[in-house]
Amino acid sequence: MLSEVTFAILAGIAILSSVVMISREKAAFGVMYFVLTLLAVAGIFLQLHAPLLFVAQWIAIACLLLGLILFAVEVAKLDVALADEYYWRSKAAAVAVATLLLIEIVLMLVQRHFLPGENAAIFLPQNPASAAPSPGNVMKFFFAYSQLPLGLLLFLVLTAVVGIRVTFQKRV
Amino acid sequence: MIPVIHYLFLSFSLLLIGIVGATIRRNILIKLFSVELILVATSINLAAFARLFGDAAGQTFAVFTIAITGAEFLVGAAIFAAIFRRWHAVPVPAAQESPRQPSVNY
């Protein structure tokens, strides 16, 4: 019961903050709500017994904030060009998301009413100690079975470093 | 016990919100965040099914997705900074006088 309540709170925070994020007119408020979404998703990862993903999500949030700070410093003088947007687009985004979520909820309720137990009967294992993959198993899978993921990850890090270098490039 | 369909519902909701934000909004940062929402939805799916089947592969690919998310934001921000720096034609004071007019034409 406690896990269901926790999941409901975290999922509600994630969905609501993401809706607010795309419906804000100023990007600065969108950043705060996006970080809130990522934090709620990190909590959901922890609830799924994936501590490695929880830590990775925190590192991603740190990278996001660092990149945002660099981006804001670099394009501070171009803020007007970035913030230039018609106001009705924010409202249209909020209305479209609310409509789609309402349709999704109605379809889910209809499906559960007419087809009880079809897909909702798949439950997660109750005993997490025997079923959840440990971080050691994940890292073993990561490094032992293939070197391709490590290469891809290093390529991504290299790409990010190049991106930071381009951001800090001096103006001609 | 939480059914997997709850995680799928959450993931689908984030996917919808991300698609709507990436298509409707015009702000570059919001577009980037919306794309990242789509990737976050992917990681939730991967983690939920890794938990369901007790397999480490799902979490491994979810770690990849999170790494891609961070790299995508950094590279995207750098690309947009370079673009706005290159084609920034209107001076900022003039743009402040008419904030509703688009200052960059492509």
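**Labels and the values behind them**

Tutor: Chain B of this predicted model has 4 helices and 0 strands.

Student: What is the order of the elements in chain B from the N terminus on?

Tutor: The order is α-α-α-α. Chain A has 8 helices and 0 strands, and along the sequence the pattern is α-α-α-α-α-α-α-α.

Student: How do you know that the length of α1(B) agrees with that of a helix?

Tutor: At 1.5 Å a residue, its 21 residues should span 30 Å, and the end C-alpha atoms are 30 Å apart, so the two values agree. Helix α1 of chain A, residues 2–23, can be checked in the same way: its 22 residues reach 32 Å from first C-alpha to last, close to the 32 Å expected.

Student: Which residues of α1(B) are buried?

Tutor: Among them are B:Tyr7, B:Leu10, B:Leu14, B:Ile17, B:Val20 and B:Ile24. In α1(A), the buried residues include A:Leu10, A:Ala14, A:Ile15, A:Val19 and A:Ile22.

Student: Why is A:His49 called buried?

Tutor: A residue is buried if 20 or more other C-beta atoms lie within 10 Å of its own. A:His49 has 22 C-beta neighbours inside 10 Å, and therefore counts as buried. A:His49 is in the loop between α2 and α3 of chain A. Its phi is near 60°, a positive value in a residue other than glycine.

Student: And why does A:Cys63 count as partly exposed?

Tutor: Partly exposed is the class between buried, at 20 or more, and exposed, at 12 or fewer. A:Cys63 has 18 C-beta neighbours inside 10 Å, so A:Cys63 counts as partly exposed.

Student: Where does A:Cys63 lie, and what is A:Cys63 in contact with?

Tutor: A:Cys63 lies in helix α3 of chain A. Leaving aside neighbours within four places in sequence, A:Cys63 is in contact with B:Gly70 and B:Leu74. The C-alpha atoms of A:Cys63 and A:Ala160 are separated by 10.0 Å, and these two residues are 97 residues apart along the chain.

Student: How many residues are in the largest nonpolar core, and which of them touch the most other members?

Tutor: The core has 63 residues, and A:Val41, A:Leu53, B:Ile44 and B:Ala47 touch the most other members. Two or more residues each come from α1, α2, α3 and α5 of chain A and from α1, α2 and α3 of chain B. The largest share, 14 residues, comes from α2(B).

Student: What does A:Val41 touch?

Tutor: Not counting residues up to four places away in sequence, A:Val41 touches A:Ala14, A:Gln57, B:Val40 and B:Ile44.

Student: What percentage of chain A counts as buried?

Tutor: Of the 172 residues of chain A, 29% count as buried. For chain B, with 106 residues, the value is 51%.

Student: What share of the contacts in chain A with a separation of 6 or more comes from residues 24 or more positions apart?

Tutor: In chain A, the share is 52%. In chain B, residues 24 or more positions apart account for 36% of the contacts with a separation of 6 or more.

Student: Where in chain A is confidence lowest, and where is it highest?

Tutor: Confidence is lowest in helix α4, residues 79–83, with a mean of 48, and highest in α1(A), at 88. The mean pLDDT of chain A is 73, and 66% of its residues reach 70 or more.

Methods:
Residues are numbered from 1 along each chain as its sequence is written. Chains are lettered from A and ligands numbered from 1 in the order in which they are written. This is a predicted model: local features need pLDDT of at least 70, side-chain atom pairs count only at pLDDT 80 or more; totals for chains, interfaces and linings use all residues. The expected span of a helix is 1.5 Å times one less than its number of residues. A nonpolar core is a set of buried Ala, Val, Leu, Ile, Met, Phe, Trp, Tyr and Cys residues joined through C-beta atoms within 7 Å. Two residues are in contact if their C-beta atoms, placed from the backbone, lie within 7 Å. pLDDT is the predictor's confidence in each residue, from 0 to 100.
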